[in-house]
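The following exercises concern a two-chain protein model.

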Amino acid sequence: MSSITADGRRLAGFPSALRAFLSRRSSLMPTFAAVTIFVLLLVGAQLYFGNFVTPLNMSALLLDNAFLLILAVGMTFVIVTGGIDLSVGSVLALTGILCAKLLSAGVSPYLVVPLTILVGAAIGLVIGVLVQFFDVQPFIASLAGLFLARGLAYVVSLKSVRVEHSGVLWLETKRFAVGQWYITPTGIIALLVVLVGAFVMVATRFGRTIYAVGGNEQSARLMGLEVARTKVLVYVISGACGGLAGLVLTAYSGAGYPRNGIGTELDVIAAVVIGGTLLSGGTGYVLGSMIGVFVYGTIKTVISFMGAEQAWTRIIIGLLLLLFIVVQRVIVVRSERRR
Amino acid sequence: MTRVTKHHLFWPVACLIALIALNTAVRPRFIKVTLREGELYGAPIDILRQSAPLMLVALGMTLVIATRGIDLSVGAVMAISGAVTLTIIDGSGSSGSLGTVLMAMAAGVGLSLLLGVWNGFLVAVAKIQPIIATLVLMLAGRGVALLITGGFITTVVSPPLKYFASGYLFWVPFAFIIAVVAIVVVALVERRTALGVLTEAVGINPEASRLAGVRSRGIIFTAYVASAGLAGVAGIIYSSNIMAADANAAGELIELYAILAVVLGGTSLLGGKFSIAGTVIGVLIIQTLQSTILFLGVPSAEAPVFFAAVVILVVLIQAPRVHRVAGSLVRRGRARETGSQVEKAKVAA
């Protein structure tokens with residue numbers, strides 16, 4: 001009970017409309033917390049360095065994290081159904097090196113780009129089929145996907161492959177600038193993926209089915225929703241996002257490298273959780289995941305500004321993750337108590 | 001015959017024997033073990049020696065998985081333990097003395113146990129999903145290890161430390177002896193006391209076992225502490241093997257291999273019944289497979305493709321749908337058989 005009164009006291013300061021909104025949408029709280037942390041980070045860094053929140057820096061934030069953003073959208077789909085996809089880092093490496101290798105062999109990019117995304121989607125399909133039709137736990141099924149994609153990446157090439165194709169490099173080098181603000185085609189791709197992802201999750205039948213499956217799979221099935229198709233599709237989407245991210249990363253770094261993205265799946269999961277998606281499924285927002293990625297990217301930039309070891313990035317991300325799971329835990333416990 | 005095939009260790013053992021047979025068929029030298037200057041040599045001995053770190057980690061993982069949990073942080077704990085141990089030895093100025101090395105190892109394992117307490121607290125007391133609770137340490141742990149080593153790969157020259165991974169005791173690699181001791185201790189504690197049964201009870205139904213008076217919180221706590229402690233020892237063996245603390249590479253992907261070993265050994269990820277012998281065989285399968293892949297001339301980097309194939313094969317064998325299909329095929333086959341027998345009987349009559 002004390003927590004509820006504390007809640008009431010804290011919300012008393014807000015206008016009544018906002019208060020009603022917050023109590024109705026308690027699942028949005030973690031996402032609001034993420035936005036708050038993002039703003040605090042920016043304000044704090046600006047006060048500390050004096051030249052942090054500049055158009056150049058903010059544009060670079062989107063540019064440097066475009067591939068993470070794309071992965072995070074796919075991961076949000078999977079996690080909201082209550083699953084998990086460990087394979088995204090490896091898929092990123094596989095599709096990236098495949099794309100670079102095919103381009104260097106002179107294959108037309110009009111063929112390479114769809115193929116890259118298809119390969120990612122195919123690995124997602126394998127995982128989805130294992131999960132849905134063979135009752136394999138998502139953790140193990142996507143683990144198989146992780147091994148498969150990583151091994152195949154080495155099969156494609158053991159060394160890094162440079163990309164010379166001007167069309168692909170254009171994705172990275174072309175800057176649409178307004179004053180000092182700029183955005184690259186890769187950034188536009190990432191933002192488009194976020195927008196499409198958010199739209200699909202919120203405004204389509206498929207998106208609502210994803211929430212229903214994550215909330216209670218049994219009920220969703222009894223309601224006659226397409227549970228099987230939805231559960232396979234989210235992994236295919238995550239895989240396709242992995243393929244697209246591999247393409248973007250290859251354009252970004254100008255090369256494909258089979259050791260890319262080791263541990264990236266963890267960064268992505270952390271960003272998605274920080275953005276307010278519950279790992280137990282049923283709750284989460286694509287836009288929240290975007291904020292989570294920006295929090296991650298900002299911490300990385302702050303640390304390089306300070307000239308500190310990049311090792312601190314992972315420590316701070318770990319601590320933030322801890323903070324957020326505790327916040328989520330409190331919210332879950334409170335809503336259970338209310339029932 | 002059905003009793004043999006129904007035994008929970010049948011498939012893992014069959015798989016291991018098949019692997020060994022395959023290797024021996026392709027290169028008869030594989031199975032040969034020779035005694036040279038009081039030390040055993042040969043491919044099987046190499047496999048046993050190299051399997052030690054994974055064996056320790058997988059043992060701990062078995063206990064954690066039995067409680068319905070998972071410990072993703074073992075690789076990070078290995079990195080931290082190795083980093084602490086080698087940094088202490090490096091800074092002591094007497095890297096050759098046994099006392100220094102033992103003290104440094106104690107510090108590494110001690111810190112690992114503390115990290116296990118941290119994991120146990122998050123899972124058992126704060127009731128956070130194990131996958132996420134241990135993800136925190138998995139993410140932060142490698143960063144901590146990098147800070148300890150200052151971002152470099154710390155190398156040391158220390159004969160006592162080298163003995164840990166490369167030495168022999170009674171003709172057998174010392175690292176393997178450590179693994180055997182760990183297996184025996186865990187097996188005795190779990191199977192000769194009620195702890196194993198209680199752990200399975202917690203894994204099968206946490207709520208019911210709590211109502212039945214099982215102190216599930218303490219049991220879950222212990223599992224994570226044991227897992228981290230064993231990972232700490234594994235980290236020391238790893239760094240003793242290369243005589244360096246590599247915060248990035250130590251225990252890379254080992255959590256996944258350990259989980260794979262546990263699953264190969266027939267322990268379900270859903271918790272409950274667990275098999276220590278199964279895990280031991282699972283580890284040996286993985287290590288033999290790795291050696292096979294190397295022998296076949298596949299670049300070790302491409303090995304994950306084979307592991308993916310193995311994982312998919314194993315989970316398919318265990319999948320209920322496959323069992324149903326196989327079951328109906330067998331039944332149909334039998335029906336046809338009895339049908340043809342009936343016809344034969346008719347013809348005879």
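**Exercise 1. State which segments of chain A are annotated as "transmembrane region", and characterise two of them.**

Step 1. An unreviewed UniProt entry lists residues 28-49, 69-98, 110-133, 139-161, 181-203, 232-254, 266-299 and 311-332 of chain A under that name; positions follow the numbering used here, feature names are shortened, and annotations may be inferred rather than shown by experiment.

Step 2. The model is predicted: local features need pLDDT of at least 70 and side-chain atom pairs count only at pLDDT 80 or more, whereas totals for chains, interfaces and linings use all residues. Residues are numbered from 1 along each chain as its sequence is written, chains are lettered from A and ligands numbered from 1 in the order in which they are written, and side-chain values use heavy atoms, with hydrogens and water left out.

Step 3. Residues 181-203 of chain A are 83% helix and 13% strand, with end C-alpha atoms 31 Å apart. (Helices are DSSP runs of H or I with at least four residues, strands are runs of E with at least two, and both are numbered from the N terminus.)

Step 4. For residues 232-254 of chain A, the composition is 96% helix and 0% strand, and the end C-alpha atoms are separated by 33 Å.

**Exercise 2. Describe the contact between chain B and chain A.**

Step 1. Chain B contributes 45 residues and chain A 42 residues, contact being heavy atoms within 4.5 Å.

Step 2. About 3700 Å² is buried, 83% of it from carbon and sulfur atoms; this is the accessible area (1.4 Å probe) lost on putting the two parts together, summed over both. Leu139(B), Leu147(B) and Leu256(B) provide 16% of the area that chain B buries against chain A, more than any other three residues.

Step 3. Zero salt bridges are counted between the chains (a side-chain nitrogen of Lys or Arg within 4 Å of a carboxyl oxygen of Asp or Glu).

**Exercise 3. Determine whether Ser239(B) is buried or exposed, and identify its surroundings.**

Step 1. Ser239(B) belongs to helix 12 (residues 216-242) of chain B.

Step 2. Its relative accessibility is 2%, so Ser239(B) counts as buried (under 20% relative accessible area; exposed is over 50%, partly exposed in between, with a 1.4 Å probe and protein chains only).

Step 3. Apart from neighbours within four places in sequence, Ser239(B) contacts Gly82(B), Leu86(B), Ala244(B) and Ala245(B).

Step 4. A polar atom of the Ser239(B) side chain lies 2.7 Å from the backbone oxygen of Gly235(B).

Key
A polar contact is a pair of N or O atoms within 3.5 Å; within protein, one must be able to donate a hydrogen and the other to accept it, and residues adjacent in sequence count only if both atoms are side-chain atoms.
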